[in-house]
Amino acid sequence: MWAWNWLVGDDTLTRKLRNYSAKHVKISEADMTLTKKLVKDYVENQVMWYCRKKSSLPILRLEYTGSVYERLKTEAADEVDVMVVLKTTAPWLWGDPEVMVEDTDVPGYVRLKARLDTKFRRYAGPEGYIHPERLRNGWFYSLVEQAINDFRSRSPRSDVDMVVRAHGPAVQLDIFKKESGMMLLSADLVPCFQIGADSFYVAKPYRGRRYVSSPGLLWRQSFSLKEKSILEYMDRDHGCRHELLRIVKTIVNRERTSLGRLESYHLKTAYMHYIKEKRGNWTSRNSLGEHFVGFLGELQKALENGNLAHYWLGGVNVLEDIDEVVMKNMAYRLKRILNSEVERDRILE
């Protein structure tokens, strides 16, 4: 208790964290505005405009997710995630829906089965299960390529160009300056099915350790929109929640040798649990320092115990794929940061 009081009893730690944020974390409003303008001008009004017009599959809408839209991006606002939601029809009075969800033994992953008479069937195997990579290669990748070629033919004097790359079952769209080759934005365009009111399934591959038959047929349930609804406006009381998570993300990114297996999703999951539990005292003078200690302490305990519960799926541990020794080492590293002022000052330089 004494150590806690010593750490957060004055505003010294908060001042150090704010200085660190200004030096290493914050992205200017101008950069954020430019990123969103690039998304609007090129991803939405050029590439996806063409894709909607020429697609053999009906595109319902786009959903923008990830750190930029959660106000959690650090260091550079140069990457965005875009869910390309495909339009499917529900059954009319009787019969099966156009795309059916089949649960699997892997929590959070399903198979999607296309009805025999639907356009999605051409991207399915003999049993009707839609293949994520086949959908990307046979439909979306070439469509985005055509959109880029269309843009080049219509705007030959543009100082911006685009290239498309395969990125798992997603399509990565890179936008860059012609003359300098400087990267302006990288957008991951992820095909997505919405089944029902709020269930979304994206073409993200299964990377877990357990044996799964035909892992290439799995679609991951996405909670990105639910997470965005929690994180985007979590500082309605003008608190320091966004600032704190951005700082911790940056510390972890700069400490890759010792905290390298901690991904952004691990941090976000732990943080959603933390802010749900710690609802008060986010606006006082010392709140940033107090919650820095509190959140790192909770993260350290999760790593020490080897268990961090998935926020949405009961019984799922998001740390299950990290080696136990690696987790213990990361827990020890966080303990050092918490307990040593010298070590803490070193990382906050």
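**Helix packing and cores**

I started with H9, which passes H10 in a right-handed crossing (right-handed if the near helix is turned clockwise from the far one by less than a right angle, left-handed if anticlockwise). I'm working on a predicted model, where local features need pLDDT of at least 70, side-chain atom pairs count only at pLDDT 80 or more, and totals for chains, interfaces and linings use all residues. Numbering runs from 1 along each chain as its sequence is written, and side-chain values use heavy atoms, without hydrogens and water.

Helices here are DSSP runs of H or I, at least four residues, numbered from the N terminus. I read off H9 as residues 264-277 and H10 as residues 287-305, with axes that come within 10 Å and cross at roughly 115° (lines fitted to C-alpha atoms over the stretch in contact, angles from 0 to 180 degrees between N-to-C directions). For the contact (heavy atoms within 4.5 Å), I noted Leu267, Ala270, Tyr271 and Tyr274 on H9, and His291, Gly294, Phe295, Glu298 and Leu299 on H10.

Next I checked the largest nonpolar core, which has 51 residues; Val43 and Phe193 are among those with the most contacts inside it. Such a core joins buried Ala, Val, Leu, Ile, Met, Phe, Trp, Tyr and Cys through side-chain atoms within 4.5 Å. Helix H3 (residues 29-54) gives the most to this core, nine residues.

Last, I looked up Lys335, in helix H11 (residues 324-339). I have Lys335 down as partly exposed because its relative accessibility is 41% (buried is under 20%, exposed over 50%, partly exposed in between, with a 1.4 Å probe and protein chains only).

Definitions and conventions:
Helix = DSSP H or I, 4+ residues; strand = E, 2+ residues; numbered from the N terminus.
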